[in-house]
Amino acid sequence: MDANNTTDWRDNKTLSDCMMYMLQNDIMCDVTLRVGDERTPIKAHKYMLSSRSSVFHTMFEGSLQEKGEITIPDIDDNTFRDILKYFYSDNITITNNNVQEMLYTADKYMLAAVKIECETVLKKTAKSEHATKALQTGYQYHLLALQTESLDYIEKNTKACLLSEHAISLSKDCLELILKSDYLDCTETDICQFVLKWGKHQCKLANLEPSGGNMREALGKILYLIRFPNVEMNFFSEAVAKSCLLTSDEIISIYQSHFGVTSKAFPSCLRAPVAIRQTYTINRYEQITGNIGETVPHFSLR
């Protein structure tokens, strides 16, 4: 064979091309990972895994080094292969279909760049009917910008968001974030209806009877964020009072609130649309001149 006609798989390839070729063809792989429910075997290189993730580096080089095959049951093999592609080539594709799995994996292996890409995709859903899902994800993975944007959208479109299929799956912490707001675009009756629905769902998840006592326990302290004095009296009488969600004294206090007696247990101030919320800008570094000519920093509101 003419030596001039021989080709090598490395020829005219970039570094990432060569690394991907070695991965895909199991060349010099020195670790086997058992991934997903089926424990699918995937071979890789410790060097590459450690170079991209401090978690893997600790796994292979730390004081408690992993020996033999590595089991990763909580990530499906397709997602893990996509992450490996990122490790070896710096390329990754994140869509609405895989963003949750990618975000979980990025969080587990401390992949900051991938988390940022996931947040970018999720921000597109923060201002849509999926805002409650985006809020939950932002809270779970400490994505503060996503959390803020989704909560802002929920405040402006509260009733529609609470009617979405994702709202019922909100965690108690995220529901608390919503109920703490003074600016929601719905009635307190709408909020109360949703909270009852949410409470019954929590009981179902825990295999408990959807009784008032069990719903009250599921709600915990956020029960007192519901402004029961502003709930329509007919709905309160038929749905809330009869559910045994509240104590007898609490029920009496709500009825009394309709005759001018302030409820000591539940707030009664009305929530308002976001449109009337006032925003102030603080200029932290604006300066004024004092009596003796010195410059003194002060705060000003606009």
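## Reading loops, strands and helices in a predicted model

Tutor: Start with Ser 243, which sits in the loop between helix H13 (233–240) and helix H14 (248–257). Helices (H or I, at least four residues) and strands (E, at least two) are DSSP runs, numbered from the N terminus. This is a predicted model, where local features need pLDDT of at least 70, side-chain atom pairs count only at pLDDT 80 or more, and totals for chains, interfaces and linings use all residues. Residues are numbered from 1 along each chain as its sequence is written, and side-chain values use heavy atoms, with hydrogens and water left out.

Student: Is Ser 243 buried or exposed?

Tutor: Buried means under 20% relative accessible area, exposed over 50%, and partly exposed in between (1.4 Å probe, protein chains only). Ser 243 has a relative accessible area of 18%, so it is buried.

Student: Where is Asp 26?

Tutor: Asp 26 lies in the loop between helix H1 (15–24) and S1. Asp 26 is not a glycine, yet its phi is positive, about 55 degrees. At a relative accessible area of 43%, Asp 26 is partly exposed.

Student: How many disulfides does the structure hold?

Tutor: A disulfide is a pair of cysteine sulfur atoms within 2.5 Å. The structure holds zero. Cys 118 is buried, at 0% relative accessibility. Cys 269 is partly exposed, with a relative accessible area of 45%.

Student: In which sense do strands S1 and S2 pair?

Tutor: Two strands pair if DSSP finds at least two bridges between them. Strand S1 (residues 31–35) and strand S2 (residues 40–44) pair in the antiparallel sense, over five bridges. Leu 33 has Ile 42 in S2 as its bridge partner. Arg 34 stands opposite Pro 41 in S2. The hairpin of S1 and S2 has four residues between the strands, and Gly 36 takes a positive phi near 80 degrees there.

Student: What is the strand order in the open sheet?

Tutor: The order is S2-S1-S3, three strands with mixed pairing. S2 and strand S3 (70–72) are the edge strands, each pairing on one side only. Neighbouring strands of this sheet are turned by 30 degrees against each other on average, direction ignored.

Student: At what angle do H11 and H13 pack?

Tutor: Axes are lines fitted to C-alpha atoms, for helices over the stretch in contact, and angles run from 0 to 180 degrees between N-to-C directions. Helix H11 (residues 188–205) and H13 pack at about 10 degrees, with their axes 11 Å apart. Angles under 35 degrees count as roughly parallel, over 145 as roughly antiparallel, 65 to 115 as roughly perpendicular and the rest as oblique. H11 and H13 are therefore roughly parallel to each other.
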